[in-house]
Amino acid sequence: MEGFEPKLSRRKRTQDLNAWDFYVRALEYFYEETCDGNAKAREHFLQAVRLDPGYCEAWARLGWIHARDVQLACTADPRESIRQGFLAARQAVALDSDSAVAHLSLSTVHVWAGEMEIALAEAQTALRLNPNYAHAALAVGNRLDLLGQTQEGVAQMVKALKLNPRDPTRWLYMGYLSRALLSLGDYSAAAEWSQEAVSLRPNDPNILYRHALCLAHLDRRAEAAALLDRCDELSPGYVANKAQWHAYPDAERSAHLVAGLGRHGLAQP
């Protein structure tokens, strides 16, 4: 999944087969991108680092999981989750500063800590260490968009999606790409990418919601409304909770994303 490593890491992967087994099983839950999957993945990664405290990749994924708890609103204490995320991700980098996965984990924690410039720098480090790491390439594009360099970010994400067409998280980045295109006012292209994401993740309210945003901007009100209803079926209260969503540090850009819904009376603008 992570591509060819052009630079040898200072530390080889674990020699403890039990730790490796916990890590591999954890990855199955890691890619679910759900609160339940997060909880199960965290326990497996913790078992891996208990068996091998020097297991860089397991520490990296553990940091990532803590950040994702914040992203998916799985935690009652986001500050503590971010703190734990930094501890784990920084431990991974300390164990192997040449690990692209470790730097991308640290980048992800910085995103949810609101430190976008550092998040971009860490993602760029991960990509420099492994230019074929599709997830790192996509992350660079996403961070560029978050920082307002959206044209550059879109180009990076489109290019990166071709690196690994079987990446299990590609639906997530299609959603990020759709959001970026939406912010640029390219509603048709945004809808094409969000539809592609829906086809891969048809029961994920986050992806359905992003597609609804695109369709509302295209004045396809009935379809957008149906998607919002489906979001609430899958996760009761989801749409109302999205009223507090601020995708970008820039309030004006965030408001633009939902302006189509507001125009059609589907949400407050």
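**Close-ups of a predicted model**

View 1. Let's start with Glu-80, which counts as partly exposed at 29% relative accessibility. Keep in mind that this is a predicted model. Which residue meets the side chain of Glu-80 in a salt bridge? The partner is Arg-83, with N and O 2.9 Å apart. Both residues belong to helix H4, which covers residues 78-95. They sit 3 residues apart, or about one turn of the helix. Arg-83 is partly exposed too, since its relative accessibility is 42%.

View 2. How many salt bridges does the structure hold? The count is 11. As a general point, side chains of opposite charge can pair when their charged atoms come close.

**View 3. Arg-25 with Asp-21 in helix H1.** Here the side chains of Arg-25 and Asp-21 form a salt bridge, at 3.1 Å from N to O. Where do the two residues lie? Both are in helix H1, made up of residues 17-30, and 4 residues separate their positions, about one turn of the helix.

**View 4. Asp-36 with Lys-40 in helix H2.** Now look at helix H2, residues 35-51, which holds both Asp-36 and Lys-40. The pair is 4 residues apart, about one turn of the helix. A salt bridge links Asp-36 to Lys-40, and the closest N and O atoms are 3.1 Å apart. With a relative accessible area of 44%, Asp-36 is partly exposed. Lys-40 is also partly exposed, at 35%.

**View 5. H4 packed against H5.** Back to H4, this time with helix H5, residues 100-112, beside it. The axes of H4 and H5 are 8 Å apart, and the packing angle is about 160°. Why do H4 and H5 count as roughly antiparallel? Because that angle is over 145 degrees, H4 runs roughly antiparallel to H5. The crossing of this pair is left-handed. On the H4 side, the residues in contact include Ile-82, Phe-86, Ala-89 and Val-93. On the H5 side, look for Leu-106, Val-109, His-110 and Trp-112, among others. Sorted by class, the contact between H4 and H5 has 9 nonpolar, 4 polar and 1 charged residues.

**View 6. H6 packed against H7.** Another helix pair comes into view here: H6 (residues 116-129) and H7 (residues 134-146). Their axes lie 9 Å apart, with an angle of about 155° between them. That makes H6 roughly antiparallel to H7. The crossing of H6 and H7 is left-handed. Which residues make the contact? From H6, they include Met-116, Leu-120, Ala-123 and Leu-127. From H7, they include Ala-137, Val-140, Arg-143 and Leu-144. By class, the contact of H6 with H7 has 12 nonpolar, 1 polar and 1 charged residues.

**View 7. Gln-156 in helix H8.** Next up is Gln-156, found in helix H8, residues 150-161. Is Gln-156 buried or exposed? It is buried, because its relative accessible area is 18% and buried means under 20%. What does Gln-156 touch? Leaving out residues up to four places away in sequence, the contacts are Leu-127, Ala-137, Val-140 and Gly-141.

**View 8. Ala-73 in a loop.** Zoom in on the loop between helix H3 (56-71) and H4, where Ala-73 has its place. What is phi of Ala-73 near? The value is near 55°, positive in a residue other than glycine. Ala-73 counts as exposed, since its relative accessibility is 63%.

**View 9. Asp-219 in a loop.** We finish in the loop between helix H11 (205-217) and helix H12 (221-234), which contains Asp-219. Asp-219 is not a glycine, yet its phi is positive, at about 65°. With a relative accessible area of 48%, Asp-219 is partly exposed.

Key
Residues are numbered from 1 along each chain as its sequence is written. This is a predicted model: local features need pLDDT of at least 70, side-chain atom pairs count only at pLDDT 80 or more; totals for chains, interfaces and linings use all residues. Side-chain values use heavy atoms; hydrogens and water are left out. A salt bridge is a side-chain nitrogen of Lys or Arg within 4 Å of a carboxyl oxygen of Asp or Glu. Buried means under 20% relative accessible area, exposed over 50%, partly exposed in between (1.4 Å probe, protein chains only). Axes are lines fitted to C-alpha atoms, for helices over the stretch in contact, and angles run from 0 to 180 degrees between N-to-C directions. Angles under 35 degrees count as roughly parallel, over 145 as roughly antiparallel, 65 to 115 as roughly perpendicular and the rest as oblique. A crossing is left-handed if the near helix is turned anticlockwise from the far one by less than a right angle, and right-handed if clockwise. Contact means heavy atoms within 4.5 Å. Ala, Val, Leu, Ile, Met, Phe, Trp, Tyr, Cys and Pro count as nonpolar, Asp, Glu, Lys and Arg as charged, and the others, Gly among them, as polar.
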